[in-house]
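Colleague: I am new to this structure. Please show it to me, and then let us go through some questions.

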Amino acid sequence: MSMSFFIHLFSAHKRFTELLTKDEKDLPNNRVPMERILTLPELKSNPFRKRICNVFSTSEYKDGGLTFEDFLDLLSAFSDSATLEIKSHYAFRIFDFDDDGTLDCGDLEKLVNCLTGETDDTRLTPEEMRQLINNILEESDIDKDGTVNLSEFQHVISRSPDFVSSFKIVL
Amino acid sequence: MPRKKDTDDINIEMDADESESDDGGNNKRTNNRRQGAGRGGARGRGRGKKPTSEDEDEEDEDEAPRGRRGANKKKPVKKRGGRNAKDDDDSEDEAPKKGRKGAANKKKGGKAQDSDDDDSDAGKGKKGKRGGKKGGKDEEDSKGKKGDAKGKDKGKDKDNDKKKKKKKDDSSDSDSNTNSEEEESMSEGEMARLMEEVEEKKKLIATIRNKPWRMKRRLVHLKEAQEFVDKFEGALGKGKGRKWYAYKVMMKKKWIKFSRDFENFRTACIPWERKIKEVESHFGSSVASYFIFLRWMYGMNLVLFGFTFGLVVIPEVLMGLPYGSIPRKTVPRADQDTAQDYSVLMDFQGYCKYSIMFYGYYNNQRTIGLLKFRLPLSYLMVGIGTFGYSLMVVISTMAKNADVGGGDGDEGEFTFAWKMFTSWDYLIGNSETADNKYASITTSFKESIVDEQENQKDENIHLRRFLRVLANLMILCSLGGSGYLIYFVVKRSQEFANRDDLSWYEKNELELIMSLLGLVCPPLFETIAELEDYHPRIALKWQLGRIFALFLGNLYTFLFALFDEVNTKLEEEGAIRNASLWAMKEYYANYTLFLNNSNLTPPPMPPADVIRGPCWETAVGIEFVKLTVSDIQVSYLTILIGDFARAVIVRFLNYCWCWDLEAGFPSYGEFDISGNVLGLVFNQGMIWMGAFYAPGLVGINVLRLLSSMYYQCWAVMATNVPHERVFKASKSNNFYMGLLLLILFLSLLPVVFTIMTLPPSFDCGPFSGKPYMFDVIMETIDLDLPAFLGTLFSYAANPGLIIPAVLLMVLAIYYLNSARDEEKNRRNNTDSTNQVMKDLEDLLPKGSLMAPPEPEKPPEPESRLTKTKPGSAGKGVNLQKDVALASPNPNARGPVNRSPGPRGAGPGQGPGRGQGPGPGRGQGPGRGQGPGGPGRGRGRGPPPR
């Protein structure tokens, strides 16, 4: 690994330890709870912040807490050098709200709600929502089982011109 | 069997390392060392944290639980034929090793097993065989090589341990002896295999970041692979070659490191990234694309500026004659009174005209200064090089863009899905921007829903078509009309040129008409384009194309007017030249007559009084500079008045006005993308055309672009509102580049024409006194290069050679083109069509398998359970989690395994893994947690389909 890698590593580590409290710093293998991770400005206004934490967390209690390694996982998936393959894999898991391995109607609906924000005036009406989800399934659900699975998802994503450039978080 | 032991060591070590993952790596190591030293063996290794268990291990040693490992062991033993002497020694070792191994296995449960599984079987055998041999080599290698710092340390560690061990076991043999013996015993086949494996590991190292694994798992694999490579790579060279090989490898690594650093540095050097990002987050990528284009232009112009100033302007300033020394560098006597007036200077007359900025100032001395710098040659080369460089850059950028924008082809196929999955920009870190983004995403959702509904309604396509044809017809009419108008006005102005009783209007008629057309036509086109009802992105392109055509008319009328001027100047110059020659002759005749001195001295006239020609090159240069400067003024004033003043008025007058100004009529301005892009493109055309006659123009342009970046960024953020329909610019802004290329070509023509056909002025500029400008090159060939090169060039210029060369080039282009098409076809076939077909093949029949859904559900909690099992350390858990997350739904599973991506290559994904899409495949006992190895039972379901 090159120097620049270590430099990034250091900055990541610095950012990470800033999130730790005093006494936590001494403990090995410390896990930063999700609430504190979410205070990072890079994640603060991301509608998927909780999902991101959950996906990258290895915590046993499913609380979305991240260890430093999990944090590195997160950064590397969102880094410039990650390939489309990796990015789409993690994007899929982020969008898969119920962790069942497919994007079904419920996941898509939650996804749309995340994208349109919390306020009421930007929400879609149920009718629009239904139409939208139908259209998405029509486009990307190749096997017509009513859900979008990982390979279908990657098929769609790989043709998008700007997924790789927008699926990025830089510390 | 020390070989086997070594493998195990690695594995065990990995495990131990994992269990304490990030902290205390060092601790452990020192710990190890201490223990190793104290007990004279490697036994404690890899179990640093569990010193108590060590003792047991040692006791265990001889009752080696061979059973478990037996199968694996046999292979290496067999393979090792022909080295019996060593075997005997080893067999003593064997037992302890196995014992340790067994114990470790017991303790670590599935984990050790697990990482064993990761190695390919062949690899295991080899490794086992090789392991012990490497003692001495290892040391050497690990010294020489830069691996992962950790990995390296560990490697050394191991070596130490191993050495000690050896000493203990067979003290009769010295280390070096054993080693050399072993080296020789390495056969060709082994070598090849080893090489193969090293390559494999290297590949793994290179691609490890492409695998969606957990960091821990990646680290483990990386470490393993790196250790392996470090260890065996050095063994590949033979004898003395080995050191050289190690050195080469090291240098290669250093080079990779350096190039990566350099790449990072380069990306860090890209300016205005934040500014553009900010604009983008407010106005969408279409507006940002203009700024990105502006930045690109700035970069290119900076290079042109470097060329022009470094090779032409600076040498002339430093080494050329100073101002006032010769006529071409002096303001003529008649103009000297007004030469410093503001109005004169603003017209680029007076001192400006006789300055370094323009062509006329440069002297025709063949070499200048101590360095014998060939300024005229350099001038011509820079003039041509400017075009060459620009062409190269534009075309290569276009090619790159075309490559990147591969996804653009099937636009519309996945509109909704893309909007859904890719519209969020994860870089947004500002809540206000995020709100904007929410709003724009919502709008785009709603819009596309409405579009879709409209599409489904199947509206009247004939009407739409008719309207589009009508619109195009109208626009063609207006373009033709404006063309004719310009033609008419130019004709008239040529008539006017001979009269001098002109009114103000008649004098400025041409400029006025042009500005009026430029002002009226674009909005007219926009209005007409409403009829067409295209998507805004497509509409933007049409609009750009149409305005481009209009501007082109402008440009070429300007050029024709200029050529007329040049022709009259040339005639005038001919007359002056004859007159001055005649005067000179008279003078010399008189001079020799009276003084009877053949020593010709030039007439003692101050340089300001010398009769001089009009110098058409400088005149052309001045025209271009004037045009550029007025363009800058106009565009800056437009922003100031059209946007800023408007915004101020709307904002503050709104308090006391009878209707809502912000929402109603004037409102705030939108950023005019098409106008700005075209302005930039045409400005660049002016620079390209003018740079040859006014080297200073490039500097002006660089300043303009720089200031424009800040000014426009500020203006757009402060005074403009986002477009009503925020749309994404297609990422490959090749359309802009195409316009630029066209303009580049169009501006290349007149410059090359003048260089090749018009005679340069006789008394100004670097080429004065030569019949043609390009004679400078001939002169250089004749005077500076050896004679045979001159003849070579004259042969090369022969049409008999040029025509075949051109033919060859055409053929090459044809060949490359068809080769690329072929390649593209193949790629498309493999990755799009085939992918889809494969997906379909995989998915459709499985619809029938979907029937029994029961077996899918229960295993899931089970897998979770394993995950939450406390105390079970790193790898096993991780692996399981990955597995659980990747394949919770067997129905979705099939195609993923088929896909060619690197994901399929994970450890624990044995050959049996991808095969069984049937229910119950990855579950049942196979999922199991016991030391039997998770991930092992994966292939066990019913056979696929």
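Modeller: Let us start with one tyrosine. Tyr505(B) is found in helix H21, residues 504–507 of chain B. Helices (H or I, at least four residues) and strands (E, at least two) are DSSP runs, numbered from the N terminus. This is a predicted model: local features need pLDDT of at least 70, side-chain atom pairs count only at pLDDT 80 or more, and totals for chains, interfaces and linings use all residues. Residues are numbered from 1 along each chain as its sequence is written, chains are lettered from A and ligands numbered from 1 in the order in which they are written, and side-chain values use heavy atoms, with hydrogens and water left out.

Colleague: Is Tyr505(B) buried, partly exposed or exposed?

Modeller: Buried means under 20% relative accessible area, exposed over 50%, partly exposed in between (1.4 Å probe, protein chains only). The relative accessibility of Tyr505(B) is 39%, so Tyr505(B) counts as partly exposed.

Colleague: Which residues is Tyr505(B) in contact with, leaving aside neighbours within four places in sequence?

Modeller: Contact means heavy atoms within 4.5 Å. With those neighbours set aside, the partners of Tyr505(B) are Arg492(B) and Leu512(B).

Colleague: How many disulfides does the structure hold over all chains, and which residues form a disulfide?

Modeller: A disulfide is a covalent bond between the sulfur atoms of two cysteines. Here the term is used for a pair of cysteine sulfur atoms within 2.5 Å. Over all chains the structure holds 1 disulfide. Its sulfur atoms are 1.8 Å apart, and the pair is Cys615(B) and Cys764(B).

Colleague: Where in the chain do Cys615(B) and Cys764(B) lie, and how many residues apart?

Modeller: Cys615(B) is in the loop between helix H23 (536–595) and H24 of chain B. Cys764(B) is in the loop between helix H27 (734–757) and helix H28 (775–784) of chain B. The pair links distant parts of the chain, 149 residues apart.

Colleague: Are Cys615(B) and Cys764(B) buried or exposed?

Modeller: Cys713(B), at 4% relative accessibility, counts as buried. Cys477(B) has a relative accessible area of 55%, so Cys477(B) is exposed. As for Cys615(B) and Cys764(B), both are buried.

Colleague: Which helix gives the most to the nonpolar patch?

Modeller: The patch covers about 820 Å², and its members include Phe644(B) and Trp714(B). Phe644(B) is found in helix H24 of chain B. With 6 residues, the element that gives the most is helix H24 (residues 616–653) of chain B.

Key:
Patches are made of residues with over 30% relative accessible area and no salt bridge: like charges are joined within 9 Å, nonpolar side chains (Val, Leu, Ile, Met, Phe, Trp, Tyr) within 5 Å. Accessible areas come from the Shrake-Rupley method with a 1.4 Å probe; for residues, only the protein chains shown count as cover. A salt bridge is a side-chain nitrogen of Lys or Arg within 4 Å of a carboxyl oxygen of Asp or Glu.
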